[in-house]
Amino acid sequence: MIAVGTAACPVCDSPVSLAADLTESEIIRCPDCGSELEVRSMEPAELVEAPVEEEDWGQ
Ligand SMILES: [Zn+2]
């Protein structure tokens, strides 16, 4: 993965590196506080705290 930049974690304010292949609405995890973060947008990079839902990604 190629990191194209960082965005601040909305929970702990640490920089979170963003991979080039991330897409909007993808969920990543903050390496610092472990919070799940949703990619709100890539340009500019913006992260929001992911809504707490059951982890059911089966579709
Ligand atoms: Zn964090």
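Q: What percentage of the 59 residues of the protein chain count as buried?
A: The share is 14%. A residue is buried if 20 or more other C-beta atoms, placed from the backbone, lie within 10 Å of its own; it is exposed if 12 or fewer do, and partly exposed in between. This is a predicted model: local features need pLDDT of at least 70, side-chain atom pairs count only at pLDDT 80 or more, and totals for chains, interfaces and linings use all residues. Residues are numbered from 1 along each chain as its sequence is written.

Q: Why is Cys-12 called exposed?
A: Cys-12 has 12 other C-beta atoms within 10 Å. The cut-off for exposed is 12 or fewer, so Cys-12 is exposed.

Q: What makes Cys-30 a contact of Cys-12?
A: Contact means that the C-beta atoms, placed from the backbone, lie within 7 Å. Cys-12 touches Cys-30, Asp-32 and Cys-33, not counting residues up to four places away in sequence. Cys-12 and Cys-30 are 18 residues apart in sequence, and their C-alpha atoms are 8.8 Å apart.

Q: How many helices and strands does the protein chain have?
A: It has zero helices and five strands. Both are DSSP runs, numbered from the N terminus: helices are H or I of at least four residues, strands are E of at least two.

Q: How do you know that strand 3 and strand 4 pair?
A: Pairing takes at least two bridges found by DSSP. Strand 3 and strand 4 (residues 36-42) have three, in the antiparallel sense, so they pair.

Q: Why is one side of strand 3 left without a neighbour in the sheet?
A: The open sheet has the order 3-4-5. Strand 3 (27-29) stands at an edge with a single partner strand, and so does strand 5 (45-49).

Terms used:
Contact = placed C-beta atoms within 7 Å.
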